Amino acid sequence: MKKTFRVLLLASIVTVAFMIAACATDAGVADVHVTIPVDWVDTGTAIGQGSSGFVGGGFGLLGNLNVPATEVFQADIVIVGGGAAGMTAALEVLARGVGNIVILEKTGFLGGNAMTAWGGMAGAGTRYQPANVNHVEEMISAGLAAGQNLNNAALVRILAENSAAAVHWVNDLGANLVIAGAARMHSTPDTIAGTANLGGSIGRALSNAVREAGVPIMLNTQGTNILMDAGGRVMGVRALRNSSEVIDIKSSAVILATGGFGANRAMINAHSPRFSVLGLRSHPGTLGGGLVMAHDIGADILDMNFMTVTDTMDPATLITHGPAPRTSGGILVNMQGQRFSNELIGGEALAFGLAVQTNSRAYFIFDENARARAAGIFNNFYAAGMIRTANSVAALAGQIGIPSSALEATVARYNAFAVAGLDEDFGRATMFPLSGTRFYAMPTVPAVAGTSGGVRINTHAEVLRPNGTAIQGLFAGGEVTGGVMGYSRAGGHSLADAVVFGRIAAATAANFVLGGPGLTQRTEAVPQVQGNFSAGIHRGTARAHNGPLSVAVTVLGGNIVDIEVTEHRETSGFFEGARDSVVTQVIRNQSTINVDRVAGATMTSFGLVAAINDALR
Ligand SMILES: Cc1cc2nc3c(=O)[nH]c(=O)nc-3n(C[C@H](O)[C@H](O)[C@H](O)COP(=O)(O)OP(=O)(O)OC[C@H]3O[C@@H](n4cnc5c(N)ncnc54)[C@H](O)[C@@H]3O)c2cc1C
């Protein structure tokens, strides 16, 4: 049986019933974050090792292509994964005129991690921020610093440059993001455009928009294989519906938006065992299956040993505490009522220090003065039910099951350090004595809250093989990709990543399906020598065969890392070959001297080189 989604939408009673059921299941998603246990998925599945050292997590049995599908569907584009990146891609693809699409989501609800993400979504140069700051450069610096320069600088630049539009776009869909303050690794106080209680607002705005747009959604449907034709071109997805039915969805393009592997204990342990002491807080669907599917068809997988650690997070709601409870004056104590760290160090050092305490759990203890110093944030935590309060330290200890004498002694010792201005135990620099008649406690745990590794993409969100060539018809965005974050993510960069690269993947895929410029023929060029150019995006124009041709040349760290032809009138069929050849040579050699012109498109090649020279002048 072969069906198209368009026909299904109009005519198939079965499918309409299915979709109504799907939407009904989806409607309950908003509160999913409140009932999650500490390690909500610990697969313990078998491990299979790929040829490139990539270690997958026991998905082999699902991927048997010899079994015939019980049903075959037809779509232009299949989007695998219904998180922020997948839903964004669906909406963008529709906006670009490709209507015959479907989202496959393995769980019973849409939204992915965007339903719990709390800290914010980075946007640089939004209409909410002052115009006198170069937020794009600030966001790039934050991204590279958090990534310890192990990320792909060209992808970080694309992320930053498109982040403002992404924030505006989700707000136009009703996400309600506003300036909320500085975020991790950022140096300006207005980098983040997230509401104080962002949790779920992006996920809800996107899932509402997807439903309103009538995008066909198959819930409880797990993509297991990317189908390929004999020429190495993507031709659809095989999936497992309701854990038992094997279905094929034939398509011209596939957008992979399956998120990371933050819920797969086996895969994390295999790639980076040092994180094994931390709890896992990612969405239960993020088991890395998308990586296995992509790896199976030859995609390059990178940075699998990098994760983002959240040092302190509420164990019940998954709301990240951020630095405010510490910087405003709170201390951290373990279940014995003792401090165990300089609270202000934060990051991985604090997370790993906390992980070895009893039950990997600690409590923030703070007083009314500390609460008042960060009232807005504490009010949100209070409203979310995260804070206990009492009128004495001893009474507070009783509420949270900590020996009262131990907590009183710890507070007294800390207060003496605060008065003396010297923390003899842990060297904390800024201290405020805890005093008064109202004290507060908040439980906290450290966690892995995301993975940085994934499929290699270029700036057009095309999925690349290890040799840099694009897999025709396969595109990816969001946490399933590697290279955007590097060692760790800066605050708000992951939601920005999902929306920015979800949109870019959609634009490239739509272009591909609608027969636009053949982006997938391009090879990712890597500099072979160090360049000596000034950083920024330089624009230039020159005359080519049929008229003016304009380029945007991106320079990072002295190197030309990307050359976009932004406008041209050259003849399709001749132009693409000349462009790919010239761009690759210039990036590899960091020079426009001695560039081989492409036979049959000599004037186009000359024009392109002249435009690049004009940009770099
Ligand atoms: C607790 C927490 C707090 C966070 N806070 C922030 C924050 O404040 N700011 C920020 O920028 N980032 C934050 N993040 C990270 C951010 O939420 C994610 O990086 C982002 O939402 C990823 O979006 P995505 O669509 O790429 O993937 P996901 O949200 O992971 O969605 C992937 C979807 O694909 C589905 N799927 C997986 N495999 C398959 C398959 N084979 N077939 C079909 N479906 C599949 C999954 O079930 C899931 O629904 C946080 C993460 C966590 C865990």
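**Entry 1**

I began with N594, which sits in the loop between α16 (575-589) and α17 (602-616). The model is predicted, and I read every value below with that in mind. N594 has a positive phi of about 60° although it is not a glycine. I noted this because most residues other than glycine have a negative phi. Is N594 buried or exposed? Its relative accessibility is 69%, and the cut-off for exposed is over 50%, so N594 counts as exposed.

I then looked up D303, another residue with a positive phi that is not a glycine; its value is near 60°. D303 belongs to the loop between β15 (301-302) and β16. Its relative accessibility is 16%, and buried means under 20%, so D303 counts as buried.

**Entry 1. Whole protein**

I counted secondary structure next and found 17 helices and 27 strands in the protein. Of the 617 residues, 58% are buried. I also checked how far along the chain the contacts reach. Taking contacts between residues at least 6 apart in sequence, I found that 73% join residues at least 24 apart.

**Entry 2. Nonpolar cores**

I went to the largest nonpolar core, which has 100 residues. Which of its members touch the most other members? They are I77, V78, M121, I249, I255, V455 and F501. Helix α15 (residues 493-513) supplies the largest share of this core, with twelve residues.

I listed the contacts of V455, leaving out residues up to four places away in sequence. V455 touches L291, A294, A299, D300, I301 and L302, and also V463, A476, V480, T481 and G482. I also found a second, separate core of 21 residues, which includes L549, V551, I560 and A615.

Two packed helices are described by the angle between their axes and the distance between the axes. I looked up both for α3 (residues 84-95) and α15: the axes come within 8 Å and cross at roughly 40°. That angle makes α3 oblique to α15. The crossing of α3 past α15 is right-handed. On the α3 side the contact involves A84, A85, T88, A89, E92 and V93, and on the α15 side A498, V499, G502, R503, A506 and A507.

I repeated this for α3 and α6 (residues 201-212). Their axes come within 10 Å and cross at roughly 40°. This crossing, of α3 and α6, is left-handed. A84, M87, T88 and L91 of α3 make the contact with G203, L206, S207, A209 and V210 of α6. I noted that A84 and T88 are listed in the contact of α3 with α15 and in that of α3 with α6.

I found F364 in strand β18 (residues 362-367). F364 has a relative accessible area of 0% and is buried. Which residues does F364 contact, leaving aside its neighbours within four places in sequence? They are T312, H321, P325, R326, I331, L332, Y440, A441, M442 and T444. For one of them, H321, I also took the C-alpha separation: F364 and H321 are 9.9 Å apart in space and 43 residues apart in sequence.

T310 is in strand β16 (residues 307-313). At 10% relative accessibility T310 counts as buried. I listed T320, A351, V445, P446, A447 and A449 as its contacts, not counting residues up to four places away in sequence.

I placed D172 in helix α5 (residues 153-172). D172 has 59% relative accessibility, so it counts as exposed. The C-alpha atoms of D172 and A205 are 9.2 Å apart, and the two residues are 33 residues apart along the chain.

Last, I looked up L240, which is in strand β11 (residues 234-241). Is L240 buried or exposed? L240 has a relative accessible area of 14% and is therefore buried.

Technical notes: Residues numbered from 1 in each chain as written. Predicted model: local features only at pLDDT ≥ 70, side-chain atom pairs only at ≥ 80, totals over all residues. Heavy atoms only, no water. Core = buried A, V, L, I, M, F, W, Y, C linked by side-chain atoms within 4.5 Å. Buried < 20%, exposed > 50% of the residue type's maximum accessible area, 1.4 Å probe, protein only. Helix = DSSP H or I, 4+ residues; strand = E, 2+ residues; numbered from the N terminus. Contact = heavy atoms within 4.5 Å. Axes fitted to C-alpha atoms, helices over the stretch in contact; angles between N-to-C directions. Parallel < 35°, antiparallel > 145°, perpendicular 65-115°, else oblique. Left-handed = near helix turned anticlockwise from the far one by under 90°.
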